[in-house]
Structure formats: C-alpha cells, structure tokens
Amino acid sequence: MSERRGPRAQSLIALCVAGVVLFNFPLLAVWGQGATVFGLPLLPVALFGIWAALIAILAWVSERGGG
Amino acid sequence: MSPVLVLGACAGYLLVLFLVAAWSDRRAAEGRSVIDSALVYALSWGVYCTAWTYFGSVGRAATGGVWFLPIYLGPMLAMLVAWIVLRKMVRIAHTYRITSIADFIAGRYGKSPGLAALVTLITVIGIVPYIALQLKAVEAGYIVLTGRGDEDAVGWLGDGTFYVALSLATFAIIFGTRHLDVAERHEGMVAAIAFESIVKLVAFLAVGAFVTWGLFGGMSDIWARAGEVPKLAGLMQLGGPGFDHAQWFAMTVLSAFSVLLLPRQFQVMVVECVNERHVRRAAWLFPAYLLLINVFVLPIAIGGLLLLGAGGDPETFVLSLPLTQGAPGLALLAYLGGLSAATGMLIVETVAVSTMVCNDLVMPALLRLGRLGDGDLTRIILNVRRAAIVAVLMLGYLYFHVAGEAYALVSIGLISFAAVAQFAPSLLGGIYWRGGTRVGAIAGLVAGFAVWAWTLMLPSVAKSGWIADDFVAHGPFGIGLLAPEQLFGLTGLDSLTHSLFWSMLANVGLYVGLSLARAPSAREASQALLFVDVFRRPGAEPVFWRGRARLDDLRALAARFLGPARAEALFDEHAAEVGVPVPDLVADARLVDRVERQIAGAVGTASARVLVASVAQEEPLSVEDVLEILDESSQLRGYARALESATVELRDANEALKSLDELKDDFMSSVTHELRTPLTSIRALSEVMRDTPDIEPAERDEFLRIIVSETERLGRLVNQVLDLAKIESGHAEWHNTDVDLRAVIQDAARAVSELFRERGARLDLSLPDAVPTIRADADRLTQVMLNLLSNAAKFVPDVDGRVEVRLRSEADALVVEVHDNGPGVPQPDQATVFEKFRQGGDAQTRPPGTGLGLPISRQIVDHLGGRMWLESEPGRGACFAFRLPLQPGGNENELQGADS
C-alpha cells in the first residue's frame, strides 16, 4: 500500500497493539489500584490520559509529511 | 416545562435540520460540496454516539464507574488502523459501486444473492430493537422534561414520538432517496448528521460544565465529596480481583468491530466518503470527538448521585440535573442534544437498512417474480426504498410500543453490537484472505447468528417476560448443556462475553474450516482477487467475464435501471474512452463490466449480476480461466509499462540529440568565425598589394609576414579542429609507450624557451629526481604541455613574468601543475575555460590563439584516464594542473586497442 503517501502501516499496527495492551488486563489492574492524582482517582485519569496520548500520536503520525 | 414549549423546540430543531440538509444539497448542486472535508467527514462519524450513549453512558457510569468507557476505547483502537482497514474498504466500495454492507459481503463472495439476503436479515433483526431504543429515549426525555407520561395520549395519533418517527421518515425519504444515485451518496443527509454531531457535543459539554463548575467547585470537588460517601468511593476502583477483565476486553473488541460494521457507520464512513484521503485526518479527529463527549460523563454521574440521590434515574441525569438545579433552558438544550443523537442514528440507520432491504430482499424477489415490466424502473426502485424507510421506522416504533418498558431495551445496544460483529470474520477476512469462500461465509454467518440469537437475544426476550424463562435457567427440555447462558456448561463469563465467545467460535470456525475444505468457484476466486488486491491495480482491474452480449440489450438494461439520461451518459463516456461512436461500440467484457457496476450502484451487486446475465450469453468461467485472464491483464499492464518506459527513453535520446545538434551548430559557427578572421586579413592585405604596385618594400615585407603568419594560424586551426574531432570521435591514433614525464616537460620547456624569451618571462621547472614511467603517447603529452605553457606565457605580465612547472609523484598518479603570475581567471569564466573557443578575457584584450588548445589538452588527459583542472584566484595567478594515473584502470582496454 505504498502507492500514496500516508502513515506507515507498521507504525499504525504497533500503535494499535500498544493501545490494546495499555487498555486491558494486566496494566488495567495497575491503573485501578485506587491511587489519586491531583485529587482525582487514577483509573479514569489514566484511561483518559492514554486515550489522549494515542490520539496525539496518531495525529502526529498521520499529519507529518504533509499532503 | 410545558409540553408546547418542548414540542415547539423539537419541531424547530427538525426544521433547522431540514434547512441544513437542503442548503448542503444546493451547495453540492453548485459544485461547492460542504462535506468534502475531513472535519465534516469525521463529524458525520459521530453518528456512532446515539441516544443510547448520550443518556446511557451516564447511567452506566453511575452504576459501574469506568464501565461506560470500553464502548469508546474500542473505536479508538479501531481508528488506529483505519488508514489500513477502512481505506481499503472505501477503495473497494468505490471501485465496485458497493452501497451497503450486505452488498460488500455478497460482492466479495461471488456476488451471491443468498448471502446478501442473509446479511440483510441479520441486520434488520439486530438493528430494529436498536431503533426502538432511540425512540424510547426521545419519549423518556420528553417525560422527564414535561413531568408527565403519555397517559393523556389518545392512541398513536396523540403520541409525540410517533410524529418524531414520521418526520424522520420524511427527512430520510427527502434526503436519502430523492434521486437514484449510483454512488448512493447523500450530501444533505451527511451535512445534517455532522451538524447533529456538533449539537449533541455542545449540549453535553454545556451540561457537563454546568454540573462541574456550576453545581460543584470543579472536578476534584466532586471526587472529594464522593469520597465521603462509601458507596461512591468504590466506584472509581476496579474492585480487586473480582473485576471482570474478560468482559472489559470483550466490550472493547465488540465496539471496535461495531464502529466499522454497524450499518450507519458503514454508510457514513464508506459509502458517503467523498475522498479516501479524508480517512487519514478523520481517523484521529473522530476519537478526539469521542474523548470530548465523554470527559464529563463521570462528573455528571457522580454529581447526579450526590445531588439527586438514589431516587433519580441516572439515565436521565443529563436532563434532570439542570432541570432541578434551576437551569431549565439548559435542560431543553440537553434534550435537543439527546434528540440530535437519536435522530442522527435513526436517519442514517434507516437509509442504510432500507438500501439493503430494497436491493437485497425486495428487488431480487420482484426480479424473480418477473413483476417489473419493461419500462423505466428508477421510480419503482426509489419507491421501494421509501417504503422500506417507512417500514423500518414503523417496525422500530412498533417494537418500542410493544417492548417499551421491558428489560430487552436496556441492554439492546450491546446486543445489536454483538449481532453486527458477526459480519467481522467474513468481511474483514474477505478483504485480506483470498481463500475465504461463499459456503464458509454463509455457514459462519448462519451459525454465528444462531448462537447469538440463542445465547443473547432469546434470554433477553425471556427476561422481559414474553416467553417462559425456564429454558434460560435449566436449558430447553431440561437439557442443561444447552442452557443459553451456560452453553455446554461454560460458566464464569457474563452473558455478553459468553455469547460473543461461542458465536465467534462457531462463526470463525465454520468460515475458515469450510473455506479450506472446499475450493472456491471461479467467480468467488475472481471476486476475491479483485477485493484483496484492490490497491495493486488502480484503474486497471481485470474483467472476469467472457461471453457475448448485444449492445442494444445492454443499453436497454441500463436505461431501465439507471434512467435514460444516465444510461446515455454512461455509453457516451465509454465511447469517448474507446474512441468510437456509440452505435459502433462492441459489447466487450469491459463495457459489460462497466454497465454491471453502474447497475450494481442502483440495485446491488447480486441483482446486477443476475440482470446482466439475463441479457448476455455468458461463458461459465473456470478457475483456470480466471488465472488466465489475470495473467493476460498483468501482461497487458507489463506491455503498457514497457511502452511507457520506451517512450521516455526515446524522448530522452531525442533531447540528447537535440542538445548535441545545438552544440554542433555552435561549434560550426565558432569555427567559421575563427577561420574567417585570418582569411579576411589575408585577403585584405593581398588586395592592397595587388592594387598598389608602388608599395614600399618595407611595407610589403610587413604585409607578407602577416599573411604568412595568418596562414600558419589558419593551418594550425584546421589541424586542431581535425585533431579535436578525431580525439572526440575516438579515431585518433595513439602511439603508447613507456613515457618519462620529466623528459616530456623538459622537451616542451625547450620548445617554448624562445617564446618566453620574447615575452621577457622566466620559466622554472621543479622536477623530482625520478618518477615512475607511465603508459602514454609522448607526442600527445608534449602537445598538452606546449598548450599549457604557451597559454601561461600569453597571460603573464609584461614585466617580471614568471611561470613555474611542478611535477610530483603520488601513490598512484603523477600530477603536473603549471603556475603563472598573471591576472588569474575570473570566477565566472573558470567553468568555461575548457570549452571550445572560450578564450580568456574579452575580444579586444585577449591574446591571439585558437581557443582550442585547452579543450584538446583536456581531451587528451581524459583519454589517458586522467583529469585536468584549473585553480585560480583573481590577482594571484592561475594554475592549470592535470593528473595522470600510473595504472590507467578503466581505460585499459581502450589503450591497448589503440596501441595496435
């Protein structure tokens, strides 16, 4: 699928695998221990944080190289 | 709040929706599409967020904490690979005019009508309850806002929800089926959906901000106060080892499939895609949208539990919080947001499902019954679609009324997700695995759907109390192994994960197993190639069709299903591409394929196949034929590529010849000029002497001296031109011997000593005691030295001119430098001194010479495998240098050849 410019398939698949790992057991159990950050519970903060980070990386991978 | 106000706001909102759609349709007609943008495309994907998520997320969060999230994390994960998977689906759908998910799957497996009908049935059964859920949300919100139920409603006619359904049917008919579009694209509808996505986002964020900062002192304040209530404090943790990780994972996977496979998602993502490049940006804009709309779910849920207590229904916190806390306007906005979430889903889902019902259930039945007549069918097709829209919506409305208060609606969103997830193996497998066959796909779908119905659908119906629920607990006829929620005794999974596991096991197992067990037919194999390799043959797909068709039959068929105008345009276009007038067109495979694809856009892939087969005499293809056609087409492509590169080479050669030709012209005009100058002076002086008998003897001697000198110059010039031509063409004679370069330099220095004496300049030689000999033509090297030395002599100053020749030996070469203390060569001229007839200085000041000495010298050095160059800084003299390799490597053969 190299006939047009776009994000590299390998990067996208790696990112997807990373997302699956970060959002699921056993890492999920790490986020869900009941700790708090800035007065907020860690679990939702971690999930939203990972989510935002994945979007940011996807945006960066997709938009670099212009077009 | 008064019902009139709420109903008025709803009516106003729907009116705005109509206006947005109408405006967008008009813009599209003017050629200024509003939906041709990645942002609008991504916003239209927001149709994923229905009323179920708009109201239900908060409800889920109030009872399960972060459990509302997997429904959105799955799409995030799917979007990470959207550029790979979704773009391929878009490319396939656009290339083969696929307009629905049923068409897509049926098209992949040999355009099977049975498969298309099967997919359509699964979709309708799985989706109708979901549609009912949206209507229920509209009604539930209305009850919360107005504070009264529908006890005062008089049957259907007094029910506001009924009118919402009716107006949505009207909207879907106007903007979904106004004309028969082969691309099945609906600008107005998509623009309206994007608009709805904005409305629901803004409304939800407004409520979230109101709760977080209006009712509380920010998010940490909400958590701090929740921490004081023991029941809420546990909500934000996983709850130890009891956390159901399997269900979490199952819901993530389920929603990742659903975001691609739900009919409405397929409609907005694949069918309505204007430009596949938009996928790249929309793939990250859409998860960002999902993240935004979810940021305030937890604050609203916890805030609602804190303020309204257990008495309030968490599903309506979005409405009841602003309503009870003194912001009724915000509550109305929130209701419109929920309405937009519900209507967006209803519109797109009904348009998508009605396309399937029309193309894959009704049209095949009508075709089989032969009830269509011979006239223009576009109107009939459109009316079938319209009827299907109304039917689907009314089916949903009926379901909502019958099952309105029942358990079935609560979990119906996930049950629908699990139904469409059955399409995943045959669809996603089909675009990456060539081996998948029709039999495998049908068996997998039937088995997966049956298991889904038995393990998920029926128990939910039983729990609603419509059928006896004995079988859920004890199995049918008391057979415990077949109990729907503990199939074969499997316990420890929740019912959703349990159902997903068994249905996917059956689905994937049969799909892969039967695909491997039985070879595909030729048509399945050819379709598999077209789908899996869609990126390999852009614009040059092979056509797997052999047979005979009559042009008139094809035209009549196209006119019936596309309308006369569009059919005519289709044939005109093809004629223009082929280069013959329409009446002379040959109904070859490519034309047949083209007509079939266009008709497929109108009535679906499977029906189009049947229709074309009905007017053509087709040869059945074998798998060998398919491979042969593929081979031919790749050969053709190979020829085309070879031809293209040959053309490029020819063009390059032509360019090279042209520039050589120009060089030759330049050279000729320079030579002519150089010859004419001495000739002119010879002629002029001779004429003077002829016409003046009494010329002074001294003057006559001077004239004769000039004539002799000019003649010599002419002779030299002619010799040099011939010399250069010979060297350049490779015809020069080379007498190579072992040459001592020191001797060559000394000989040359002796030859020019007279010249230097005349110029009053000094020539210094700085030579090592001994240097290795080199294999070269001594006379030619002497010529090079003479050229360089006489050139240097020309440019040294009149007083105290000095030229130094240095010879040094390097590891593998000898280097000769000729330094002068003249003015040097200006920077701009340095590049051109080795070109023919380029002499230093301008015409007035430059010393006499032919302008060929340096080019010839360089040619000689080049021929000997060496290199000649110039180093000069203005004011500090010039240094011409050359370097000769001791072992002429590359030119070895040439030199040997020249020896003989």
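**The A–B contact and the architecture of chain B**

In this predicted model, the contact between chains A and B draws on 33 residues from chain A and 30 residues from chain B. On the chain A side, the elements that contribute two or more residues each are helix H1 (9-23), helix H2 (27-31), strand E2 (40-41) and helix H3 (42-63). H3(A) gives the most to this side, with eleven residues. By residue class, the side of chain A that touches chain B is made up of 25 nonpolar, seven polar and one charged residue.

Turning to chain B itself, its fold comprises 35 helices and nine strands. Its radius of gyration is 44 Å, well over the 29 Å that the globule rule gives for 900 residues, so chain B is more spread out than a compact globule. Of its 900 residues, 47% count as buried. Among the contacts in chain B with a separation of 6 or more, 80% are between residues 24 or more positions apart.

One helix pair in chain B can be followed in some detail. Helix H4 (residues 70-80) of chain B packs against helix H12 (residues 245-261) of chain B with the axes 7 Å apart and at an angle of about 55°. H4(B) and H12(B) are therefore oblique to each other, and H4(B) passes H12(B) in a right-handed crossing. From H4(B), the residues that meet the partner helix are B:Pro70, B:Ile71, B:Leu73, B:Gly74, B:Pro75, B:Leu77 and B:Ala78. Those they meet in H12(B) include B:Trp248, B:Met251, B:Val253, B:Leu254 and B:Val259, along with B:Thr252 and B:Ser255.

B:Ser24 is placed in helix H1 (residues 3-29) of chain B. It counts as buried because it has 25 C-beta neighbours inside 10 Å, where 20 or more are required. Leaving aside neighbours within four places in sequence, B:Ser24 is in contact with B:Val34, B:Ile35, B:Glu187, B:Gly188 and B:Ala191. B:Val190 lies 166 residues away from B:Ser24 along the chain, yet the C-alpha atoms of the two are separated by 8.8 Å.

Terms used:
Residues are numbered from 1 along each chain as its sequence is written. Chains are lettered from A and ligands numbered from 1 in the order in which they are written. This is a predicted model: local features need pLDDT of at least 70, side-chain atom pairs count only at pLDDT 80 or more; totals for chains, interfaces and linings use all residues. Helices (H or I, at least four residues) and strands (E, at least two) are DSSP runs, numbered from the N terminus. The radius of gyration is taken over C-alpha atoms; the globule rule is 2.2 Å times the number of residues to the power 0.38. A residue is buried if 20 or more other C-beta atoms lie within 10 Å of its own, exposed if 12 or fewer, and partly exposed in between; C-beta atoms are placed from the backbone. Two residues are in contact if their C-beta atoms, placed from the backbone, lie within 7 Å. Axes are lines fitted to C-alpha atoms, for helices over the stretch in contact, and angles run from 0 to 180 degrees between N-to-C directions. Angles under 35 degrees count as roughly parallel, over 145 as roughly antiparallel, 65 to 115 as roughly perpendicular and the rest as oblique. A crossing is left-handed if the near helix is turned anticlockwise from the far one by less than a right angle, and right-handed if clockwise. Ala, Val, Leu, Ile, Met, Phe, Trp, Tyr, Cys and Pro count as nonpolar, Asp, Glu, Lys and Arg as charged, and the others, Gly among them, as polar.
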